[in-house]
Amino acid sequence: EEVIYGDEVGTVLVSFEEEPDLAKTQQMCQKKKLEKRVLTVSKVPISNCILVENLKPNTTEDTIEFYFENKRSKGGPVERVEMMPDQRKCLVFFENHEVLD
């Protein structure tokens with residue numbers, strides 16, 4: 001359904017409409033190489049967290065929480081916000097992971 005290239009060279013996140021049979025997918029990737037490389041396949045855990053980047057230096061936790069709990073942003077109840085002001089980013093943890101679907 002969707003392919004997202006990772007920050008680390010050689011990593012890709014692939015999402016499917018339906019959950020694939022992981023064992024069969026792993027076997028197929030072991031047998032059939034892609035560009036002469038054997039692929040490693042693993043399931044990604046469900047997350048209730050997003051990384052928000054490019055914040056203004058004075059952005060507060062309250063501002064982030066209000067923004068993502070607002071119905072217009074289609075977010076949901078925020079569990080907590082972990083600010084990283086020196087990097088101008090933060091992690092936002094939602095009470096329910098389904099908000100991110």
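## Exercise 1: The nonpolar core

Nine residues make up the largest nonpolar core: Val52, Leu55, Ile64, Phe68, Val78, Val81, Cys90, Val92 and Phe94. The model in which they are found is a predicted one.

**Task.** Determine which helix and strands each supply at least two residues of this core, and which element gives the largest share.

**Solution.** 
1. At least two core residues come from each of H2, E4 and E5.
2. The largest share belongs to E5, with three residues.
3. One of the core members is Val78. Beyond four places in sequence, Val78 is in contact with Glu65, Phe68, Glu69, Val92, Phe93, Phe94 and Glu95.

## Exercise 2: The hairpin

**Task.** State how E4 and E5 run relative to each other, parallel or antiparallel, and how many bridges join them.

**Solution.** 
1. Strand E4 covers residues 78-84, and strand E5 covers residues 89-94.
2. The two strands run antiparallel and are joined by six bridges.
3. Val78 has Phe94 in E5 as its bridge partner.
4. Four residues lie between E4 and E5, which form a hairpin.

## Exercise 3: Positive phi values

**Task.** Find where Lys74 is placed and where Arg88 is found, and decide whether Lys74 is buried or exposed.

**Solution.** 
1. Most residues other than glycine have a negative phi.
2. Lys74, which is not glycine, has a positive phi near 60 degrees. The residue sits in the loop between helix H2 (61-69) and E4.
3. Lys74 counts as exposed because its relative accessible area is 70%, where the cut-off is over 50%.
4. Arg88 likewise has a positive phi, near 55 degrees, and is not glycine. Its place is the loop between E4 and E5.
5. With a relative accessible area of 39%, Arg88 is partly exposed.

## Exercise 4: A buried lysine

**Task.** Identify the side chain of opposite charge that is nearest to Lys89, and explain why the pair is not a salt bridge.

**Solution.** 
1. Lys89 lies in strand E5 and is buried.
2. The nearest side chain of opposite charge is that of Glu53, 4.1 Å away.
3. Apart from neighbours within four places in sequence, the contacts of Lys89 are Leu51, Val52, Glu53, Leu55, Glu82, Met83 and Met84.

## Exercise 5: The cysteines

**Task.** Count the disulfides in the structure.

**Solution.** 
1. The number of disulfides is zero.
2. For Cys49, which is in no disulfide, the nearest cysteine sulfur is that of Cys90, 8.8 Å away.
3. A disulfide needs two cysteine sulfur atoms within 2.5 Å.
4. Cys90 is buried, at 0% relative accessibility, and is listed among the residues of the largest nonpolar core.

## Exercise 6: A valine in strand E2

**Task.** Classify Val14 by its accessibility and list its contacts beyond four places in sequence.

**Solution.** 
1. Val14 belongs to strand E2, residues 12-15.
2. Its relative accessibility is 39%, so Val14 counts as partly exposed.
3. Leaving aside neighbours within four places in sequence, Val14 is in contact with Glu2 and Val3.
4. Val41 is 27 residues from Val14 in sequence, and the two C-alpha atoms are 9.9 Å apart in space.

Note on methods: Residues numbered from 1 in each chain as written. Predicted model: local features only at pLDDT ≥ 70, side-chain atom pairs only at ≥ 80, totals over all residues. Heavy atoms only, no water. Buried < 20%, exposed > 50% of the residue type's maximum accessible area, 1.4 Å probe, protein only. Lys, Arg positive; Asp, Glu negative; His and termini not counted. Salt bridge = Lys/Arg side-chain N within 4 Å of Asp/Glu carboxyl O. Contact = heavy atoms within 4.5 Å. Pairing = 2+ DSSP bridges. Core = buried A, V, L, I, M, F, W, Y, C linked by side-chain atoms within 4.5 Å.
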